[in-house]
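Reader: I have a structure to work through and would like to learn how to read it. Could we take the features one at a time?

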Amino acid sequence: MKKALKRSVSVILAVAIIIGSAYAGLGALDFNSIFAIEAKAADESVLTFTLNDDGVSYSVTDCDTAAEGELTIPAEYEGLPVTGIGNSAFFMCITLTSAAIPDSIVSIGDAAFGSSWSISSVDISNSVVSIGSDAFSNTGIKAITIPDSVVSIGDEAFRGCSQLTSVEIGSGTTSIGDKVFRECSNLTAINVAESNTAYVSVDGVLFNKDKTNLIKYPSNKTDTEYVIPNSVNTIETYAFQGSENITCVTISDSVVSIDDYAFLYCTNLTSIVIPDTVTSLGERAFGECVKLVTMDVNENNDYYSSD
């Protein structure tokens with residue numbers, strides 16, 4: 001029931017915004033009074049713990065949305081280790097400012113901290129193995145270090161983290177989901193440990209290890225020109241999305257596929273040349289590239305033409 005109430009807040013907020021727009025002449029809405037909640041200290045008392053199926057450990061499964069300030073999640077509860085953070089456990093805890101995750105935690109669930117937009121820092125311990133889908137989406141995190149223990153990062157785990165500037169990925173991560181850093185408009189670099197066997201970073205750009213897939217070009221990288229390495233076969237979905245500093249991209253002759261929305265909202269991109277090797281051009285691959293006046297397709301391309 002409490003989760004249902006939590007989720008309904010977003011609906012209430014949307015209605016309030018609509019009402020506010022319709023009656024703008026009556027003055028600005030005071031959202032603090034609309035959502036007047038007595039603040040509570042962010043300590044163990046605001047957390048709900050659920051015994052795991054193994055019967056010998058707990059997970060944090062809920063948090064009072066009135067919790068305010070810095071939160072340190074306890075490593076133990078009633079003498080047993082706390083090993084998980086459940087799905088949506090801290091969803092829309094909008095007055096939390098930071099979270100410290102203890103060495104006992106192994107998994108962070110889907111949307112665990114989703115839409116807790118005041119959270120500016122999270123300390124992920126070197127015990128965490130998995131980070132769920134949307135785990136930190138739409139939060140105010142400014143930088144994140146993924147420790148060596150993390151094996152998998154779920155889809156869109158950091159989507160919409162508009163304050164995120166840098167990411168450090170450790171040696172153990174072997175699975176990064178789709179669109180993990182989508183809409184991270186201030187992201188300048190994604191760095192990967194050299195010993196990582198699955199992924200690599202070149203000048204802050206994220207690739208798979210053999211550099212056949214360009215996964216993510218940071219949206220706020222300051223370079224205005226970029227040459228895609230000759231090893232790349234696929235430019236993945238949303239790879240360059242929102243890269244407003246880019247004016248020119250050279251696509252190498254190794255590229256076969258430019259996936260959906262690959263260059264969406266590259267609003268200063270002015271020209272692009274599609275080589276003859278490209279056989280797949282995804283939906284709205286260059287959508288909202290409002291300054292893109294020239295798109296030349298190599299005349300030897302059997303699938304596409306500039307005509």
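Author: Start with one residue. T197 is exposed, with a relative accessible area of 62%; the cut-off for that word is over 50%. This is a predicted model.

Reader: Where is T197 found, and which residues does T197 touch?

Author: T197 sits in the loop between β15 (189-192) and β16 (199-202). Leaving out residues up to four places away in sequence, T197 touches S171, T174 and K209. Take K209: T197 and K209 are twelve residues apart in sequence, and their C-alpha atoms are 6.5 Å apart in space.

Reader: Now S116: is S116 buried or exposed?

Author: S116 is called buried because its relative accessible area is 0%, and the word applies under 20%. S116 also belongs to a loop, the one between β8 (107-108) and β9 (121-123).

Reader: What is S116 in contact with, leaving aside its neighbours within four places in sequence?

Author: The contacts of S116 are F90, F91, M92, C93, N138, T139 and G140. For C93 there is a distance to look at: its backbone nitrogen lies 3.1 Å from a polar atom of the S116 side chain.

Reader: How should I read a sheet?

Author: Strands of a sheet pair through backbone hydrogen bonds, and the pairing is either parallel or antiparallel. Here, four strands form an open sheet in the order β19-β21-β23-β25, with parallel pairing. Its edge strands, β19 (225-227) and β25 (294-297), each pair on one side only. Neighbouring strands of this sheet are turned by 10° against each other on average, direction ignored.

Reader: Over how many bridges do β23 and β25 pair?

Author: Strand β23 (residues 271-274) pairs with β25 over four bridges, in the parallel sense.

Reader: What does the protein chain come to in helices and strands, and how many of its residues count as buried?

Author: The secondary structure comes to two helices and 25 strands. Of the 307 residues, 48% count as buried. The accessible surface is about 14200 Å², and 50% of that belongs to carbon and sulfur atoms.

Reader: And how do I use the confidence values?

Author: Where pLDDT is low, the predicted coordinates should not be read in detail. In this protein chain the mean pLDDT is 90, and 88% of the residues reach 70 or more. Over residues 1-35 the pLDDT is below 50; this stretch has 30 contacts in the model beyond near neighbours in sequence.

How values were computed: Residues numbered from 1 in each chain as written. Predicted model: local features only at pLDDT ≥ 70, side-chain atom pairs only at ≥ 80, totals over all residues. Heavy atoms only, no water. Buried < 20%, exposed > 50% of the residue type's maximum accessible area, 1.4 Å probe, protein only. Polar contact = N/O pair within 3.5 Å; in protein donor to acceptor, adjacent residues only side chain to side chain. Contact = heavy atoms within 4.5 Å. Pairing = 2+ DSSP bridges. Axes fitted to C-alpha atoms, helices over the stretch in contact; angles between N-to-C directions. pLDDT = per-residue confidence, 0-100. Areas by Shrake-Rupley, 256 points an atom, 1.4 Å probe, with all protein chains shown as cover.
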